[in-house]
Amino acid sequence: MTTTAPAEAAVRKNPSGAAGPGPRRPGRIRRIGLPYLLLLPALLLELLVHLVPMVIGIVMSFKELTQFYIRDWGAAPWSGLDNYQVSVDFDAPVGEALLHSFLVTVAFTLLSVGLCWLVGTAAAVCLQDDFRGRGLLRALFLIPYALPVYAAVITWVFMFQHDNGLVNHVLHDQLHLTDKPSFWLIGDNSFWALLTVSVWKGWPFAFLIVMAGLQNIPGELYEAAALDGAGMWQQIRRITLPSLRPVNQVLLLVLFLWTFNDFNTPFVLFGRSAPQAADLISVHIYQASFVTWNFGTGSAMSVLLLLFLLVVTGVYLLLTSRGRKPAHG
């Protein structure tokens, strides 16, 4: 009787049978709002650094903004869609040059992304098994990705020099693969020089991402495949590549966006005026804006580039999401 008296008293106080009073709403609101409060500084910085300049750039693309209105760009007259019409008029010099730059950038991006993925995946697969010195090789492979862009590219500038560069010294003086020293930073060879630097700088990132994805593949799959008589290439084709599909989908998209928008590499390698064979669209827009002082046309080109990348990203995500089968519990 005495043991049940407190319980009966509690039931009388709470006849609905509830466990107790719910948490106070002000405290719950504070707990829910705390993460957003902590994110607020980052969101404000993102707004100031990216969104505000992007909106200003879009506004500038509808203005006739030249060097005459630099001090007060808000006073520049509105031009409507004239800047866009000039940019996409491929029969005129401005549109023809932009189309050429776009095609060069597409070819450069496809080759660079493909080679970065191929070299990075091959290196990650080769270093998947444990052996002496594997950690040292992994660290050495990541050096190009860890180096600052300016320091890495300026080193390649000295290596590509015509008279005393290391590349011509090896290819011409030692291996005798060329009849005479080549010009790597001008002419048609500039495209291959830019591609070499881009791949050298970008493949360690692919190597790092693929190497992380390989850690999630169970070793029992390879052991079972080896017992069934599957060779190395069959294991890569049947186990490694299918298991890395989600990783590769994100990796290829990131590499594509980075490479297509790359400005630092061609600018440091060639300077303000890139050769026609290596005229990437990022440098071309820079020249259209800061060399010819036609910021309205340059802003219109930037907006067109943004729209193109948004469309490509949307189509890519749509195509890759179709291949994912939803898991039903």
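User: Why does Ser182 count as buried?

Analyst: The model is a predicted one. The relative accessibility of Ser182 is 16%, and buried means under 20%, so Ser182 counts as buried. Ser182 sits in the loop between helix H8 (166-174) and helix H9 (189-214).

User: What is Ser182 in contact with, leaving aside its neighbours within four places in sequence?

Analyst: Ser182 is in contact with His162, Asn168 and Asn189. The criterion for such a contact is heavy atoms within 4.5 Å.

User: Why is His176 called exposed, and where is its place?

Analyst: His176 has a relative accessible area of 61%; exposed means over 50%, and His176 is therefore exposed. Its place is also in the loop between H8 and H9.

User: What makes the phi of His176 worth a remark?

Analyst: Phi of His176 is near 55°, a positive value, and the residue is not glycine. Most residues other than glycine have a negative phi. Trp293 likewise has a positive phi, of about 60°, without being a glycine.

User: Why is Trp293 classed as partly exposed?

Analyst: Its relative accessibility is 42%. Partly exposed lies between the 20% limit for buried and the 50% limit for exposed, so Trp293 counts as partly exposed. Trp293 is found in the loop between H14 and H15.

User: How do you know that Leu214 is buried?

Analyst: The relative accessible area of Leu214 is 4%. Leu214 belongs to helix H9. Beyond the four places on either side in sequence, Leu214 is in contact with Ala124, Val125, Gln128, Thr240 and Leu244. Leu214 and Leu244 are 30 residues apart along the chain, and their C-alpha atoms are separated by 7.3 Å.

User: What makes a set of residues a nonpolar core, and which residues have the most contacts inside the largest one?

Analyst: The members must be buried nonpolar residues joined through side-chain atoms within 4.5 Å. The largest such core has 44 residues, and those with the most contacts inside it are Phe160, Leu194, Phe207, Leu214, Leu255, Leu269 and Phe270. H9 supplies the largest share of this core, with 13 residues. A second, separate core has 9 residues, including Leu98, Ile281, Ile285 and Leu309.

User: Which residues does Leu269 touch, not counting those up to four places away in sequence?

Analyst: Leu269 touches Val153, Val157, Leu185, Ala193, Leu194 and Val197.

User: What makes a space a pocket and not a cavity, and what volume has the largest pocket?

Analyst: A pocket is an open set of points, whereas from a cavity the 1.4 Å probe cannot get out. The largest pocket has a volume of about 880 Å³. Its lining comprises 27 residues, with Met54, Ser302, Val303, Leu305 and Leu306 nearest its centre. Helix H2 (25-60), helix H14 (281-291) and helix H15 (295-322) each give two or more residues to this lining, and H15 gives the most, with 10 residues.

User: How do the residues of that lining divide by type?

Analyst: The lining has 17 nonpolar, 9 polar and 1 charged residues.

User: What percentage of the chain counts as buried, and how many helices and strands are there?

Analyst: Of the 329 residues, 34% count as buried. The chain has 15 helices and 0 strands.

Methods: Residues are numbered from 1 along each chain as its sequence is written. This is a predicted model: local features need pLDDT of at least 70, side-chain atom pairs count only at pLDDT 80 or more; totals for chains, interfaces and linings use all residues. Side-chain values use heavy atoms; hydrogens and water are left out. On a 1 Å grid over the protein atoms alone, a cavity is a set of points where a 1.4 Å probe fits but cannot get out, and a pocket is an open set with protein on both sides within 12 Å along at least five of seven lines; lining residues have an atom within 4 Å of a point. Grid points are joined across faces, edges and corners, and a volume is the space filled by probe spheres set on the points. Helices (H or I, at least four residues) and strands (E, at least two) are DSSP runs, numbered from the N terminus. Ala, Val, Leu, Ile, Met, Phe, Trp, Tyr, Cys and Pro count as nonpolar, Asp, Glu, Lys and Arg as charged, and the others, Gly among them, as polar. Buried means under 20% relative accessible area, exposed over 50%, partly exposed in between (1.4 Å probe, protein chains only).
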